[in-house]
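Here is a short briefing to read alongside the model. Please keep the structure open as you go through the points.

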Amino acid sequence: MQDRELLIYGSYGYSGDLITRRAIERGLSPILAGRDVNALRRQAQELDLEYRVASLDDAAALHTALAAVRTVLHCAGPFIHTSRRMADACLQAGAHYIDITGEISVFERLAARDAEARARGVMLLPGAGFDVVPTDCLAVHLAERLPGSTELVLAFESTGGISRGTAGTIVEHIGAGSLVRREGELRRVPLGHSTRLVDFGNGERLTVAHPWGDLSTAWRSTGIPNITVYRATSRAELRLMPILRAGLPLLAARPVQRLLRTVVRRQVHGPDADARRTGSSRFYGEVRRQDGAVAAARLHAPEAYTLTAHTAVACAERTLAGDVRPGYATPGMAYGPDFVLSIAGVRREDLFPVDRSPLTVNRRS
């Protein structure tokens with residue numbers, strides 16, 4: 001049966017559970033999987049679903065878990081530690097791989113396996129959630145509106161809070177600083193190296209440059225060589241940036257990392273149902289061409305984790321239905337710029353051409 005050919009790994013985590021429940025709402029009966037037998041058993045009994053126990057460290061167990069599976073929706077992060085082993089298992093089993101990472105290093109590593117995946121007829125589709133479905137689809141849309149664009153700016157804001165998994169990933173990468181893409185190459189830049197005022201449709205917000213996944217994915221989706229991504233911030237946070245920059249080596253130290261991970265486990269639980277219901281996310285995109293032409297657009301969408309559950313399951317449904325692009329793909333490459341508009345509560349707004357120079361502070365190359 002088609003609905004039994006989807007396996008959700010890490011189904012009992014915060015995002016994994018939301019995704020699993022969304023899959024059930026859509027009429028699917030996914031197989032649940034992960035390494036925690038007790039958590040799996042409780043979830044499977046509650047939802048009346050099959051489950052398979054497998055650690056990512058056990059290649060044989062993973063191979064057994066993926067038996068008769070056509071698509072894996074991988075939800076166990078940080079993906080820098082988990083994606084390679086699951087991708088290995090999927091390629092061996094001939095199962096399509098989908099995950100919800102936002103980690104640039106993961107996108108880059110999976111993109112490097114494009115030829116291997118094409119040879120096996122397997123699709124590798126990372127970033128099927130809030131990172132990076134809306135921004136990737138927006139980037140592809142704008143690139144189609146203004147062919148030949150050489151610069152892409154993306155920005156986002158979201159309300160509602162973060163999950164333990166997201167916080168853990170932030171801790172994992174907190175010592176790395178920031179990134180931009182220039183002339184097709186990823187370049188490391190100081191944390192908070194530039195800011196910009198962005199109108200997401202509810203008045204201008206201050207945003208700061210941020211190492212978002214689109215620095216990898218949008219480049220492959222659009223071919224635009226110069227990309228900067230901004231996230232909403234506050235002036236209070238910006239005042240802390242010099243302190244954070246000075247403390248990056250300390251934040252990356254193992255004892256500090258262990259302490260931060262402990263704090264995350266004890267203090268971060270993820271937005272509750274009310275926060276997800278009342279929260280929202282907004283996105284802005286802008287492309288420029290060397291002749292001065294500019295195009296811009298906005299997206300309005302549900303809260304980030306709600307959006308992730310809907311987009312991840314939608315990607316799985318498309319894959320199960322045979323809508324597959326073998327090799328490495330981004331959401332926009334696989335399903336086109338209007339894919340995000342198929343998600344309830346998402347709307348896109350094309351703007352008149354704009355000609356605004358970004359407000360920059362503390363800009364460093």
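Accessible areas come from the Shrake-Rupley method with a 1.4 Å probe, and for residues only the protein chains shown count as cover. By that method, the protein chain has an accessible surface of about 15700 Å², with 50% of it belonging to carbon and sulfur atoms. This is a predicted model, in which local features need pLDDT of at least 70 and side-chain atom pairs count only at pLDDT 80 or more, while totals for chains, interfaces and linings use all residues. Residues are numbered from 1 along each chain as its sequence is written, and side-chain values use heavy atoms, with hydrogens and water left out.

**The chain as a whole**

- Of its 365 residues, 54% count as buried, where buried means under 20% relative accessible area, exposed over 50%, and partly exposed in between (1.4 Å probe, protein chains only).
- Take the contacts (heavy atoms within 4.5 Å) between residues at least 6 apart in sequence: 73% of them join residues at least 24 apart.

**Helices α5 and α9**

- Helix α5 (residues 104-111) and helix α9 (residues 214-222) have axes that come within 8 Å and cross at roughly 40°. The axes are lines fitted to C-alpha atoms, for helices over the stretch in contact, and angles run from 0 to 180 degrees between N-to-C directions.
- The two helices, α5 and α9, are therefore oblique to each other; angles under 35 degrees count as roughly parallel, over 145 as roughly antiparallel, 65 to 115 as roughly perpendicular, and the rest as oblique.
- On the α5 side the contact is made by I104, F107, E108 and A111, and on the α9 side by L215, S216, T217 and R220.
- These contact residues divide into four nonpolar, two polar and two charged. Ala, Val, Leu, Ile, Met, Phe, Trp, Tyr, Cys and Pro count as nonpolar, Asp, Glu, Lys and Arg as charged, and the others, Gly among them, as polar.

- Strands β10 (residues 195-199) and β11 (residues 204-209) pair in the antiparallel sense over five bridges; two strands pair if DSSP finds at least two bridges between them.
- R196 stands opposite T207 in β11.
- Four residues lie between the strands of this hairpin, and G201 takes a positive phi near 110°.

**R120 and its surroundings**

- R120 belongs to helix α6 (residues 114-120) and counts as partly exposed, at 48% relative accessibility.
- Beyond its neighbours within four places in sequence, R120 is in contact with L91 and Q92.
- R120 and P326 lie 206 residues apart in sequence, yet 8.0 Å apart in space, C-alpha to C-alpha.

**Backbone details worth a look**

- G77 and P78 are joined by a cis peptide bond with omega of about -5°, and P78 sits in the loop between β4 (71-74) and α4 (79-93).
- Another cis peptide bond runs from D131 to V132, with omega near 10°; V132 is in the loop between β6 (123-125) and α7 (133-145).
- A68, a residue other than glycine, has a positive phi near 65°. A68 is in the loop between α3 (59-65) and β4, and counts as exposed at 66% relative accessibility.
- E183 is not a glycine either, but has a positive phi of about 50°. The loop between β8 (178-182) and β9 (185-189) holds E183, which is exposed with a relative accessible area of 58%.
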